[in-house]
Amino acid sequence: MGPQSHPDETRTGIDSSRRRRSVEPVLMDTYEVAAMLNMSTSWVYREASRLGL
C-alpha cells in the first residue's frame, strides 16, 4: 500500500504546517495579562519591554 496524502495537503503538495494561517490579534489590558501570567500588574509594567509588550 502506498503513502496516503493528508487531507490538509494542497494539490501542490505543501502540507498545512507550511501554509500561512490568518490569526486575529488579541488585545489585552494590563490586568488581563497579569491574571493570565499569574503575576502582579506592577510586574507586567516592569517586565513589559523584556516580554515584547
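## After helix H2

Gly52 follows H2 and has a positive phi, near 75°. This is a predicted model, and the values below are computed from it. H1 also has a residue with positive phi after it: Asn38, near 60°. Asn38 takes this phi although it is not a glycine.

Asn38 sits in the loop between helix H1 (30-37) and helix H2 (41-51). Its relative accessibility is 68%, so Asn38 counts as exposed. Met39 lies in that loop between H1 and H2 as well. Met39 is partly exposed, because its relative accessible area is 37%.

## Overall make-up

The protein chain has two helices and zero strands. It has 53 residues, and 15% of them count as buried. The accessible surface of the chain comes to about 5,300 Å². Carbon and sulfur atoms account for 52% of that surface.

## Helix H1

Asp29 marks the start of H1: one of its side-chain oxygens reaches to within 3.1 Å of the backbone nitrogen of Tyr31. Within H1, the buried residues are Thr30, Val33 and Ala34. Seen down the axis, the buried residues of H1 fall within an arc of 100°, so they line one face of the helix. Exposed residues sit on the other side of H1: Tyr31, Ala35 and Met36.

What do the buried residues of H1 pack against? Their partner is H2. Thr30, which lies in H1, gives a residue-level view. Thr30 has a relative accessible area of 18%, and therefore counts as buried under the 20% cut-off. Leaving out residues up to four places away in sequence, Thr30 touches Thr41, Val44 and Tyr45.

## Helix H2

Trp43, Val44, Glu47 and Ala48 are buried in H2. They cover an arc of only 155° around the axis, so they are on the same side of H2. The face turned away from that buried side carries Tyr45, Arg46 and Ser49, which are exposed. The buried residues of H2 pack against H1.

Ala48 is found in helix H2. With 18% relative accessibility, Ala48 counts as buried. Ala48 and Thr30 are 18 residues apart in sequence. In space, their C-alpha atoms are 9.8 Å apart.

## Salt bridges

How many salt bridges does a search of the whole structure find? It finds two. One joins the side chains of Glu47 and Arg46, at 3.9 Å from N to O. The other joins the side chains of Arg50 and Glu47, at 2.6 Å from N to O. The 3.9 Å pair counts because the cut-off for a salt bridge is 4 Å.

Arg50 and Glu47 are three residues apart in helix H2, so about one helical turn separates them. Arg46, Glu47 and Arg50 are linked in a network of salt bridges. Is Glu47 buried or exposed? Glu47 is buried, because its relative accessible area is 16%. Arg46 counts as exposed at 55% relative accessibility. Arg50 is exposed as well, with a relative accessible area of 61%.

## A nonpolar surface patch

Which residues form a nonpolar patch on the surface? They are Val26, Met28, Met36, Leu37, Met39, Leu51 and Leu53. Together they have about 670 Å² of accessible area.

Met36 is among the exposed residues of H1.

Methods
Residues numbered from 1 in each chain as written. Predicted model: local features only at pLDDT ≥ 70, side-chain atom pairs only at ≥ 80, totals over all residues. Heavy atoms only, no water. Helix = DSSP H or I, 4+ residues; strand = E, 2+ residues; numbered from the N terminus. Buried < 20%, exposed > 50% of the residue type's maximum accessible area, 1.4 Å probe, protein only. Contact = heavy atoms within 4.5 Å. Arc of directions from axis to C-beta. Patch = residues over 30% accessible without salt bridge, like charges linked within 9 Å, V, L, I, M, F, W, Y side chains within 5 Å. Areas by Shrake-Rupley, 256 points an atom, 1.4 Å probe, with all protein chains shown as cover. Polar contact = N/O pair within 3.5 Å; in protein donor to acceptor, adjacent residues only side chain to side chain.
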